[in-house]
Amino acid sequence: MFKNYFKTAWRSLTAGKSFSIINIAGLAIGMAGAILILLWLQNEISFDKFHKNKNNLYEVYALANNTDRHPKAVNATSQPLGPALKQDYPEIAAFTRVWTLNNWLLSANNKSLISNKGFIVDSSFLEMFTFPLIEGNAAVQLRNSHSIVITKGLAKKLFGNEDPVGKIIKTENTDNFTVTGVLKNPPINTRFQFDYLLPWSFRETQNDGYTNETKRWLSNNTSTFVLLKPNTNVAELNKKISDVTRRYTGRNDVWTHFLFPLNEWHLYSEFKDGKSVGGRIETVRVFALIAAFILLIACINFINLSTARSEKRSKEVGIRKAIGARKSLLIGQFIIEAFLTACVSGAIAFAIVQFVLPSFNTLIGTQLSIPYNNFYFWLSAFGFIIITSLLAGSYPAFYLSSFKPISIFKKQFKKTNAGINPRKVLVVLQFTFAIILIVATIVVRNQIQYAQDRDKGYSNNNLLHVDFVGDIDKNYPVIKQELINSGIASSISKSMSGIVDGGAHTWGLRWQNENPQDTNTTITLYSEDANWVKTAGLHLIAGRDIDIYEYPADSNSVVLNETAVKLMGFKNPIGQTIREPFYNTTLHVVGVVKDFIIGSPYDEVPPTVIQGPRAWFTAMHIKFNPALSTADALTKAEQVFKKYNPAYPFDYKFVNEEYARKFDDEQRTKIMAGLFAFLAIFISCLGLFGLSASVAENRTKEIGVRKVLGANVASIVKLLSVDFIKLVIISIGIATPIAWYVMNKWLQDYTYRINIHWVIFFNAGLLAIAIALITVSFQSIKAAIANPVKSLRME
C-alpha cells in the first residue's frame, strides 16, 4: 500500500512540474532559513551547558550600593573572597578565581607570539569546569606555581607536531613555565575563551600593591566561581553569604554578595537595580518566532498551491471515492505526497545551508556548523521534516479528501469566489508575518543609526589606543618624545584603559554638602598623566586639563564630567574638593568636561572622574598628526615602538573601530532580521506567483470572453491583481499594531532610543504592495496578452 502511495505521489509531483518546483523551492528556502536560525539558537542556548557540573556552578556577584535607589550588580569580586567562602560555608564544595591576562608575550622553541587571552586560576578550575585534557596527568595540573596548561591550538603554534609536555614557555620575557598538560580548544559556546592557564599560586608570588588585607578585600578585580554540593538550598545560602565582605572588613557600607547560576550566565546577564531582567534571551525568543514564521510561511505556500489545484485533483478524488476508497486512505495518500515533497525540500534545504553557512557565519560573527556525526542531529532533522510535512500537508489532505463525488462531477465543489476562504486567510497571514519582519528590520536599523549619530563627546579620528606591553610603560617618556618630535603624533596621553573600554568603577566618594544616597552611586574612573582632554578631543567646559609635568600637584587633581558635577551639586566645581576614603586622599577639581560616551552608546552617561597619576596606567592614546596619511603615520610609529620595545610586535587599535564594535550585537540583529525578512517576502511572493498563475489558468475562458468583448490589457491586469492587493492591504492593517507593540517593547531595553514613527509602517506597507504587485502582474500581463481564440478553443 505504501509503495503505491509513494508511486502515486511521485507521479503527482512530476505531472505538474511548475507547481511542484514552486512548492519544493518555497519549502526548501523556508526550511533552510529555519535551519540557519535553529543552528544559531542551539549555539546560544547551549552556552556553557557542556560542563558536567553545570547545575551546581555559580558565579559570585557583588551588589554595589545596596543602600542606593539603583543598586548595581557586578561580576567582579575581591581576591580573598573565594577562599573565605570555601572555608566558612560547608555548602560550597570548591571555588576558583579567574584573573584575565591579555596580550602576553609567549616564547618557546625559538618562536614568539602574542596570546590574546590567558587565565590565572585556582587548581580546582579544571575540576569544576569541563575542559578535556588530551595530554598530561590530570592529577598534577596547576599544582606547581610555575606550571602551565595550554590548549591544542597554542601547542600547535609553538611546538608544531612535537609533544609539548615538559617543554618550557617563557612569558613576558621574564618567567619560565613548564607545560604539564594540553587541553582541547574551548568550544565557541563558552564564555571561557583562552589559550593557556597559569596557577593562582604564581599570582601569589607577585606583589599586588596592597598594603593590608582590608584593602585587598575592598578591591574588586577578580571573577569568583563556586561549585555547590548537590541539593544545596541556594536561596538560603545567598542569605548566609550576603554580608561576608562586611564581616571581614568590619564595614557596613560595602557591597553584599549573591550567587548567579551558570544556566543563566549567557542569556540572562542584564541586570537592573541589582536584579536579572533578561538579556540575550529576548533576542533568542524573537528569532525562535522568526524561524517559526518563516517555516509557517513556506507551509502556507504549499497549502495554498495544493488547494488552488483542487480542480485538477478533484476528478481523481471522485473516481477513487466512487470505486470505494475510504477518506482515511485518501488522507494518507495526500500526507505521503506532502512528506515526499518535504523530504526533497529538506535535502535541498540542507544543501543550501551547507553552501551559505560560511557566509552566514561571517555575517553574524560566529562559527556555526552542522553536526553530521551526531545521532540526535539526524533524529531532529527527521523530526523536522515530519513536522513540516504535517504542517504543510494536513489541511490539503483533509480538504481534498472531503470532496463528494456527486458534487465533483457536477462541478459544484469550488468556493474560490467566497468573500472569505482559507486560502485568502493564509495569504493575509503570510504577508502579515513578512510585513512585521520588514518593520522590525527598519526599526533596528534606525535605532543603530540613531545611536551612531549621537554625539560621542570626543573625537576618535586618527586616535590610537596602545596597551602597555613589554617595555612600553618603562620607555613611555622617550617613546612619547620621539613620536611628537618627529611629527608622527600631535598629542599623547597615558590612561588606565582605552577610552571606549569603560574605565574602572568606585563608590563612596565624599564631598561638601553631600546627599548620603548620592555618595553610594557608582562612579566611573579614568586616569591620565597630561593632555588626555586634548588627545581624545574631549570638550573642556570649565577649568583646565590635568598636567603633572606643568603642575606636579596634579597627582591629586581630578577632572569631572557634567553628570558628576550634577550628582555632587557643585555650582562652581573648580576648586572643590572630593575625599577618597579608600586611600584617605583629598582630590582637587581642576576641570570639567562635557559628557562623553563611556559604555553602551544606548545608555545614559554615568558620573565620571578623571584622576591624575595616583591611579594606575595600562595604556596610552596617540593622536596622529593630521598632516600625515594614516599608513605613513603607522609605519613611522611602528619603527619607534620596535626601537624601544623590540620583543613585541606593534599592536594598536583605532578608537573609531573599537567604538564601532559597540554596535556589533545590534548590527548582527539587523543583518539577521533583514536577511530573514527578505526570505519571508521571497517565499510569500513565490506562493503569490503560483497562486496568480493558478487563478489566471482557472479564469482563462473568462479572460478570453472579456477580450473578445473589448477589454484592454490594463483592465484585465487590474481584474486579476486587485484581489491580491486587497489581501496585502489587509495584512498591513493587521501587521501594523503587532509590529508596533513588539518593536516598542524591544526598544524599552535602551535608555537612548528612537520613537517609532508612522512613516516606518507606511514605507513597509508600500514596499509590500509594490513587491506583491510586481509578482502578480507578471502572470496577469501574461494572461491579458494571450490570444483569446486559443483560450476559447481550448474550453
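1. Phe177 counts as buried at 0% relative accessibility, where buried means under 20% relative accessible area, exposed over 50% and partly exposed in between (1.4 Å probe, protein chains only). Phe202 is buried too, with a relative accessible area of 3%.

2. On provenance: this is a predicted model, in which local features need pLDDT of at least 70 and side-chain atom pairs count only at pLDDT 80 or more, while totals for chains, interfaces and linings use all residues. Residues are numbered from 1 along each chain as its sequence is written, and side-chain values use heavy atoms, with hydrogens and water left out.

3. Aromatic pairs come to 47; rings of Phe, Tyr and Trp (its six-membered ring) pair if their centres lie within 6.5 Å, with planes under 30 degrees apart counted as stacked, over 60 as edge-to-face and the rest as tilted. The ring centres of Phe177 and Phe202 are 4.9 Å apart and the planes stand at 75°, so this pair is edge-to-face. It links distant parts of the chain, 25 residues apart: Phe177 belongs to strand E8 (residues 175-183) and Phe202 to helix H6 (residues 200-203). Helices (H or I, at least four residues) and strands (E, at least two) are DSSP runs, numbered from the N terminus.

4. One aromatic cluster is formed by Phe50, Phe119, Phe125, Phe129, Phe131, Phe192, Phe194, Phe225 and Trp265. Arg191 has its charged end over the ring of Phe192, 5.6 Å from the centre, and also lies over the face of Trp265, at 4.9 Å from the ring centre. The criterion is NZ of Lys or CZ of Arg within 6 Å of the ring centre and within 35 degrees of the ring normal.

5. The largest nonpolar core has 109 residues, and Ile499, Leu538, Phe596 and Phe676 have the most contacts inside it. Such a core is a set of buried Ala, Val, Leu, Ile, Met, Phe, Trp, Tyr and Cys residues joined through side-chain atoms within 4.5 Å. Helix H15 (residues 422-452) supplies the largest share of this core, 15 residues. Leaving aside neighbours within four places in sequence, Phe676 is in contact (heavy atoms within 4.5 Å) with residues including Gly33, Phe287, Phe360 and Leu437. A second, separate core has 25 residues, among them Leu57, Tyr61, Phe194 and Phe258.

6. An open sheet is formed by 4 strands in the order E15-E24-E14-E25, with antiparallel pairing; two strands pair if DSSP finds at least two bridges between them. Strands E15 (489-495) and E25 (653-654) stand at the edges with a single partner strand each, so one side of each is left without a neighbour in the sheet. Helix H16 (residues 476-485) packs on the sheet, touching E15 and strand E24 (619-624), and its direction makes about 160° with that of E15. Helix H20 (residues 630-644) lies across E14, E24 and E25, at about 140° to E24. These axes are lines fitted to C-alpha atoms, for helices over the stretch in contact, with angles from 0 to 180 degrees between N-to-C directions.

7. The bridge counts are 6 for E15 with E24, 5 for E14 with E24 and 2 for E14 (residues 463-467) with E25. Ser493 stands opposite His621 in E24, Asp467 opposite Ala619 in E24, and Leu464 opposite Phe654 in E25.

8. In E24, 6 of the 6 residues are buried, so the strand is largely enclosed by the rest of the structure. Ala619, His621 and Lys623 point one way, Met620, Ile622 and Phe624 the other way, and all are buried.
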